[in-house]
Amino acid sequence: MYVAVKGGERAIDNAHQWLAEERRGDPAVPELTIPQIREQMRLAVNRVMAEGSLYDPDLAALAIKQARGDLIEAVFLIRAYRTTLPRLAGSLPVDTGAMAVDRRISATFKDLPGGQVLGPTFDYTHRLLDFALMAEGATQDAPPRVGEANPMEGETRVPHVASFLNRDGLIETADASDTPPPDLTREPMELPADRALRLQALTRGDEGFVLSMAYSTQRGYGRTHAFVGELRIGTVAVEVDIPELGFAVEIGEIELTECETVNQFKGSKTEPPQFTRGYGLVMGQSERKAIAMSLVDRALRWQELGEDFTGAPAQDEEFVLMHCDNIQATGFLEHIKLPHYVDFQAELELVRKLRSEAQAMQEAAE
Amino acid sequence: MTDQAYNFAYLDEQTKRMIRRAILKAIAVPGYQVPFASREMPMPYGWGTGGVQVTAACLVPEDRLKVIDQGADDTTNAVSIRRFFQRTAGVAVTEVTAEATVIQTRHRIPETPLTEGQILVYQVPIPEPLRFLEPRETETRKMHALEEYGLMHVKLYEDIARHGQIATSYAYPVKVEGRYVMDPSPIPKFDNPKLSGNPAIQLFGAGREQRIHALPPWTKAVSLDFDDHPFQTSKAPHDCDLCGARDSYLDEVITDDAGGRMFVCSDTDFCAGRRAKGHVGRLGEAT
């Protein structure tokens, strides 16, 4: 005798309790603290802030802890929290030219005003497991840095590389505009999108997706001949106009990664030969994402620059923008594990009917 | 048990107003997909975020809410969504279709006929009936604007040419008041006739796709077909084994590993109501 499955509520409660236990792991091992995650898992925190579109290292660390290290789940927690926050004000555009840089490199010039600063990078590490980090209690402090601490310290303005090329008219100019950029978190995405909307979608898009799209352009699917004109990481001031005061006030600092590519361009029907640009800007230190973003940005600009559409996925605005959000993607992907038995029953009946008809026809033919 | 940390029904009033505007527009243009600025909800996309936002925008404190998934009130996601609104809105809930003022559903229309004043909110995964014929939104919007539905008829015709019948068993498209072709969400086509001329307000929310569409009360929704291949509903050719209903949509339940199976109403409230009135099916027990 079949008894209809009751007890969904109890099952959910028990699942949540088990999940909490699993999150904690072995109680004999000390619990992770939020400051530990924030300080020592900083790149994970950065990714969660960037894709969650909320600059708050403490909340991002909390989300990582709660999500048991599943970063997409952590991004989701941040997004769901962010959407409940009131919009108190819009900041002035941040000035990355006035960034206090920790890292600033150019692949197109050996040396340049402002200098090259490697900063804290994995680039020239040998990827050998450092077993010393595993030794319990033997936490050493980082060895002292040699030579001048940060050659950029005290600089107030670090010029952008593109501006050097610009002086000779060798690179396209991006005109300043006071048009408020659209906001896809407050308005439904409308296609075709302008560049500001595309950049917003890309900067909160999934790092893996944007990376693969960028990689595909390098392998010939919408090639853009990109050089990293400049990559810079550092903090910028966020300023807000206070109407009662009549001037802007600095309300804090955020860390950003900015990448500008310089792309070879032989000219098109509408544009003269000159270098063109791709742009990436991501919250936190996220240089893989910023470089990838600038390549995809450039690939998506084919129409504006009079290039041909070669059918490459990275050129296809609708394809890229509609699929780069990992919260949308993972939700829709995973929802197929929810019950679908009503529809499956309808399919069962259809297949049974089609089969019996096919069988009857076969028998009639024999 | 209302959670005071959030606004009534979770969403802030500005967001609800934005959604209500979209709903009003959707009701004014039946079958047309209205873009709306869907919010991230505390449940994942695909779990009914569109339906939850529409329900949140419709609820008032006096409402009595019913939530079903696959026709059943006790499936895990229905339980989860019902709890969400108990917690954030503190509204009364019910499993009885006739007592509910707002019903959120996934994949079914209740068997008990709805009445005037009720609101049926559907959770919608892909609101675009043309999506699997044309993946681009920019194109499908144009096709709707120009009432260019030839592609859909070609698809249905090809089904008939290949299989002798239209091989769509759920999410079967309808034409609304002779204008827009609409996806009724993945309900079995068994439920399609209930879409048309229904006295209740039917609202469809697609969160991830940021669209709301609607069927106002008494709106005509015609399932697409051809004169020589008229639309037909389908269900398992059995009676409910618990309540004996002959005309309700059935779930097939595998009962052992020797091919044993039984058929039961997918609408749990309908089935329980019949059994309470003394109807007994093949395997049911008199209550």
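1. Domain bounds here come from an automatic or database domain assignment. In this predicted model, that assignment gives chain A two domains: domain 1 spans 11-82, and domain 2 consists of 96-121 + 151-175 + 187-326. Between the C-alpha centres of domain 1 and domain 2 of chain A the separation is 29 Å.

2. The two domains of chain A meet through ten residues of domain 1 and twelve residues of domain 2. On the domain 1 side, the elements that give two or more residues are α3 (42-52) and α5 (71-82) of chain A. Of these elements, α3(A) gives the most, with six residues.

3. As to composition, the side of domain 1 of chain A that touches domain 2 of chain A has six nonpolar residues, together with two polar and two charged ones.

4. Turning to the interface between the chains, 37 residues of chain A are in contact with 47 residues of chain B. Four elements of chain B give two or more residues to the side that touches chain A: the helices α3 (76-88) and α4 (137-145), and the strands β11 (250-254) and β12 (261-265).

5. Within the side of chain B that touches chain A, α3(B) supplies the largest share, which amounts to four residues. By class, the residues on this side of chain B comprise 18 nonpolar, 17 polar and twelve charged.

Terms used:
Residues numbered from 1 in each chain as written. Chains lettered and ligands numbered in written order. Predicted model: local features only at pLDDT ≥ 70, side-chain atom pairs only at ≥ 80, totals over all residues. Contact = placed C-beta atoms within 7 Å. Nonpolar A, V, L, I, M, F, W, Y, C, P; charged D, E, K, R; others polar.
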